[in-house]
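Colleague: I am new to this structure and would like to learn how to read it. Could you take me through it one feature at a time?

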Amino acid sequence: QLQLVESGGGLVQPGGSLRLSCTTPGFNSAYYIIGWFRQAPGKEREGVSCITRNGTSTHYADSVKGRFTISRDNHKNTVYLHMNSLKPEDTGVYYCTIDLHRVDHSIGKCPVLDDFDYWGQGTQVTVSS
């Protein structure tokens with residue numbers, strides 16, 4: 001069973017920064033699209049960002065453009081989400097996920113939620129003063 005493990009969440013003040021990490025222990029995720037989603041209380045899960053196998057394509061939700069950066073280190077089998085200038089509305093559980101059906105280097109937009117195959121348990125991000 002493929003596992004995704006997120007880490008790096010926590011409590012941060014508005015304007016602060018966090019770096020989330022996503023690993024896939026025992027599975028080489030280097031060839032696949034990795035996505036980040038988030039879910040706030042009472043709201044649907046929404047896409048935040050995604051990255052292709054070699055980082056050629058990265059895409060972001062409009063709400064995080066210019067503040068969040070996705071990257072990957074395939075030697076460490078890890079994908080990162082660098083989050084800066086955090087706002088209270090960024091609060092939620094952040095999930096990483098993998099699309100095993102596409103190995104494209106370049107994509108025009110992120111896959112939708114139903115296209116992803118496995119999900120992590122999530123990491124809580126709380127932005128509050």
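**A contact to begin with**

Modeller: Let us start with a side chain: a polar atom of the Thr 97 side chain lies 2.8 Å from the backbone oxygen of Tyr 118. A polar contact is a pair of N or O atoms within 3.5 Å; within protein, one must be able to donate a hydrogen and the other to accept it, and residues adjacent in sequence count only if both atoms are side-chain atoms. Please keep in mind that this is a predicted model, where local features need pLDDT of at least 70 and side-chain atom pairs count only at pLDDT 80 or more, while totals for chains, interfaces and linings use all residues. Residues are numbered from 1 along each chain as its sequence is written, and side-chain values use heavy atoms, with hydrogens and water left out.

Colleague: Is Thr 97 buried or exposed?

Modeller: Thr 97 counts as buried because its relative accessibility is 0%. Buried means under 20% relative accessible area, exposed over 50%, and partly exposed in between (1.4 Å probe, protein chains only). Thr 97 sits in strand 9 (residues 92–99); strands (E, at least two residues) are DSSP runs, numbered from the N terminus.

Colleague: How do I read strand pairing, and which residue stands opposite Thr 97?

Modeller: Strands of a sheet pair through backbone hydrogen bonds, either parallel or antiparallel. Here, two strands pair if DSSP finds at least two bridges between them. Gly 35 is the residue opposite Thr 97, and strand 4 pairs with strand 9 in the antiparallel sense over seven bridges. Strand 4 (residues 33–39) is mostly covered, with six of its seven residues buried. Five bridges also join strand 4 to strand 5 (residues 46–51), again antiparallel, and there Ile 34 faces Ile 51. Six residues lie between the strands in this hairpin, where Gly 42 takes a positive phi near 80 degrees.

Colleague: What is the order of the strands in the open sheet?

Modeller: Its four strands follow the order 1-3-8-7, with antiparallel pairing. Strand 1 (5–7) and strand 7 (68–73) are at the edges with a single partner strand each, so one side of each has no neighbour in the sheet. Strand 7 is joined to strand 8 (residues 78–83) by six bridges, and Ile 70 stands opposite Leu 81.

Colleague: Which classes of residue line the largest pocket?

Modeller: The lining has eight charged, four polar and one nonpolar residue. Ala, Val, Leu, Ile, Met, Phe, Trp, Tyr, Cys and Pro count as nonpolar, Asp, Glu, Lys and Arg as charged, and the others, Gly among them, as polar. A pocket is an open set of points on a 1 Å grid over the protein atoms alone, where a 1.4 Å probe fits, with protein on both sides within 12 Å along at least five of seven lines; lining residues have an atom within 4 Å of a point.
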